[in-house]
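Please look through the sequence and the model displayed below before reading on.

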Amino acid sequence: RFFGGLVARRLTADGERLYCTVDYTGDVHVLDAGTGTTLSTIPGTSGTQEILVDGTHVFCIGKDDGSSMKLVCYDSTAGKVVWTAEDRNFMGQLTCVGPDEILYHNRREVVCLNLSDGKARWTYQPPVPVKKPQPDKKKAKKSNSRQPQMMLIAGDNAILADGVDLH
């Protein structure tokens, strides 16, 4: 069965702990990276499709009820959920974590949330892209390369969406 590339971000580690979905629709499990022993399960993370770790924060992104994407921020040191956020248009695998924020694309705009409380800090809606002229199909060579339709990069304050420089 094809899962659209979402399996690749369902397993990550922070050195001592491994975070993964043991079954495809279940909660995220925290395992001891050295022994494989289950240490805990992160509540409210069923349907997780993407897991990101940044320091003591673990971010679990997925659908549990089929309607909205849910982002769960878990403190691995305290062993508890810090906050949750929902977005009907959230796009998986377009998430990144900065020093004080988490950013994602939701099909319409780039959203920046505070790491401390999950509240929206800012949003940016890129301008409508100008349609590029289509090449003559008779003369065009077929290419096997696939180019991304959207991209989100956070590093040195450079953030891009659909090829539009936001800063």
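Which residues are linked in a network of salt bridges? Before the answer, a word on what is being shown: this is a predicted model, in which local features need pLDDT of at least 70 and side-chain atom pairs count only at pLDDT 80 or more, while totals for chains, interfaces and linings use all residues. Residues are numbered from 1 along each chain as its sequence is written, and side-chain values use heavy atoms, with hydrogens and water left out.

The network consists of Asp14, Glu16 and Arg17. Side chains of opposite charge can pair when their charged atoms come close. Here a salt bridge is counted when a side-chain nitrogen of Lys or Arg lies within 4 Å of a carboxyl oxygen of Asp or Glu, and by this rule there are three salt bridges. Arginine 17 meets aspartate 14 at 2.9 Å, taken from N to O, and arginine 17 also meets glutamate 16, at 4.0 Å from N to O. To say how far such residues are covered, we use relative accessible area: buried means under 20%, exposed over 50%, and partly exposed in between, with a 1.4 Å probe and protein chains only. On this scale arginine 17 is partly exposed at 22%, aspartate 14 is partly exposed at 27%, and glutamate 16 is exposed at 59%.

Another salt bridge joins glutamate 101 and arginine 121, whose closest N and O atoms are 3.0 Å apart. This pair links distant parts of the chain, since glutamate 101 belongs to strand 10 (residues 101-105) and arginine 121 to strand 12 (residues 120-124), 20 residues apart. Glutamate 101 is buried, with a relative accessible area of 14%, whereas arginine 121 is partly exposed, with 39%.

The strands just named are part of a longer series. Helices (H or I, at least four residues) and strands (E, at least two) are DSSP runs numbered from the N terminus, and in this chain there are zero helices and 14 strands. Of the 167 residues in the chain, 36% are buried. The accessible surface of the chain, found by the Shrake-Rupley method with a 1.4 Å probe, where for residues only the protein chains shown count as cover, comes to about 10,500 Å², and 50% of it belongs to carbon and sulfur atoms.

We can now turn to the buried residues. A nonpolar core is a set of buried Ala, Val, Leu, Ile, Met, Phe, Trp, Tyr and Cys residues joined through side-chain atoms within 4.5 Å. The largest such core has 14 residues, of which Phe59, Ile61, Leu71, Trp83, Ile102 and Leu113 touch the most other members. At least two residues of this core are supplied by each of strand 6 (57-63), strand 7 (69-75), strand 8 (80-87), strand 10 and strand 11 (110-114), and the largest share, three residues, comes from strand 7. Apart from this core lies another, of nine residues, including Tyr19, Val28, Ile42 and Val58.

Within the whole structure, a search finds one aromatic pair. A pair of aromatic rings is described by the distance of the centres and the angle of the planes. Rings of Phe, Tyr and Trp (its six-membered ring) pair if their centres lie within 6.5 Å, and planes under 30 degrees apart count as stacked, over 60 as edge-to-face and the rest as tilted. Phenylalanine 59 and tryptophan 83 form a tilted pair, 6.4 Å centre to centre with 50 degrees between the planes. Because phenylalanine 59 lies in strand 6 and tryptophan 83 in strand 8, the pair ties together parts that are 24 residues apart in sequence. Phenylalanine 59 and tryptophan 83 are both buried.

Lysine 63 also lies in strand 6, but lysine 63 is partly exposed, at 37% relative accessibility. Lysine 63 and glycine 47 are 16 residues apart in sequence, yet their C-alpha atoms are 5.0 Å apart in space. If contact means heavy atoms within 4.5 Å, then lysine 63 is in contact with Ser46, Gly47, Ser68 and Met69, leaving aside its neighbours within four places in sequence.

Finally, what of the cysteines? A disulfide is a pair of cysteine sulfur atoms within 2.5 Å, and a search of the whole structure finds zero disulfides. For cysteine 60, the nearest cysteine sulfur, that of cysteine 73, is 9.1 Å away, and cysteine 60 is buried, with a relative accessible area of 1%.
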